[in-house]
Amino acid sequence: MGTHDAATTSNPPYRVSARVAAPGVAIGSAKDREIEFDVGRRSDDELPGPAELLALSLGACMLKNVERFSHLLSFRYEGAEVAVEAERQDDPPRFTKLTYELRIRTDESPHRVELLHRNLRRFGTVFNTLAESCDVDGTIVAGRASIPVVDRPAADRLGGPCCEPDRTLTL
């Protein structure tokens, strides 16, 4: 499949599988979950294709790291969402640019929001992999956006002097 250098041998590989399930339709499996996707000659209006899945991977990477850095940086947020747009060229076929808008419901200061954004860009595995092959750029918006509030388990909530877990935010 690929070679591993000394820097990657300590991490277990990510494993997924995919199979054709019907003409133009495949099913991918990761862990105990499956997702149907388009593999037909023509683009399907209902199922995501490989391009959408790749763009979704960038969004998933960013949201996963929002959660991760909320703990590492004691960054309080109540919800997040991301939209990603991928641009491609035909010859040779490749992505040329991925643009994202990350929206976060938080009462953190603009400085702390920018700190989070810098960490997302610096330490995102999928982000950095894609940034090696095409332009990846975007913005982070924090404030009064209508982002759903996530009901997080009490053990996941941040506490302490900088963060009051039961405080209701009005954005």
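Residues are numbered from 1 along each chain as its sequence is written, and side-chain values rest on heavy atoms, with hydrogens and water left out. Because the model is predicted, local features require pLDDT of at least 70 and side-chain atom pairs count only at pLDDT 80 or more, whereas totals for chains, interfaces and linings use all residues.

Helices (H or I, at least four residues) and strands (E, at least two) are DSSP runs, numbered from the N terminus. Two strands are taken to pair if DSSP finds at least two bridges between them. Strand E4 (residues 79-89) pairs with strand E5 (residues 94-105) in the antiparallel sense, over eleven bridges. Gly 79 stands opposite Arg 105 in E5, and a hairpin of four residues joins E4 to E5. Strand E5 also runs parallel to strand E6 (residues 135-142), to which eight bridges join it. Within this pairing, Glu 101 has Thr 139 in E6 as its bridge partner.

A pair of aromatic rings is described by the distance of the centres and the angle of the planes. Rings of Phe, Tyr and Trp (its six-membered ring) pair if their centres lie within 6.5 Å; planes under 30 degrees apart count as stacked, over 60 as edge-to-face and the rest as tilted. By this rule there are two aromatic pairs. The rings of Phe 69 and Phe 123 have centres 6.1 Å apart and planes at 45 degrees, so this pair is tilted. The pair links distant parts of the chain, with Phe 69 in helix H1 (residues 50-72) and Phe 123 in helix H2 (residues 110-123), 54 residues apart. Buried denotes under 20% relative accessible area, exposed over 50%, and partly exposed in between (1.4 Å probe, protein chains only). Phe 69, at 4% relative accessibility, is therefore buried, whereas Phe 123, at 37%, is partly exposed. For Tyr 100 and Phe 127, the ring centres are 6.1 Å apart and the planes lie at 70 degrees, so the pair is edge-to-face. This pair likewise links distant parts of the chain: Tyr 100 lies in strand E5 and Phe 127 in helix H3 (residues 125-131), 27 residues apart. Both Tyr 100 and Phe 127 are buried.

A nonpolar core is a set of buried Ala, Val, Leu, Ile, Met, Phe, Trp, Tyr and Cys residues joined through side-chain atoms within 4.5 Å. The largest such core holds 19 residues, of which Leu 58, Leu 102, Ile 104, Leu 116, Leu 120 and Val 136 touch the most other members. Two or more residues come from each of H1, E5, H2, H3 and E6, and H1 gives the most, with five. With contact defined as heavy atoms within 4.5 Å, Leu 58 touches Val 84, Leu 98, Val 126, Phe 127, Leu 130 and Val 136, not counting residues up to four places away in sequence.
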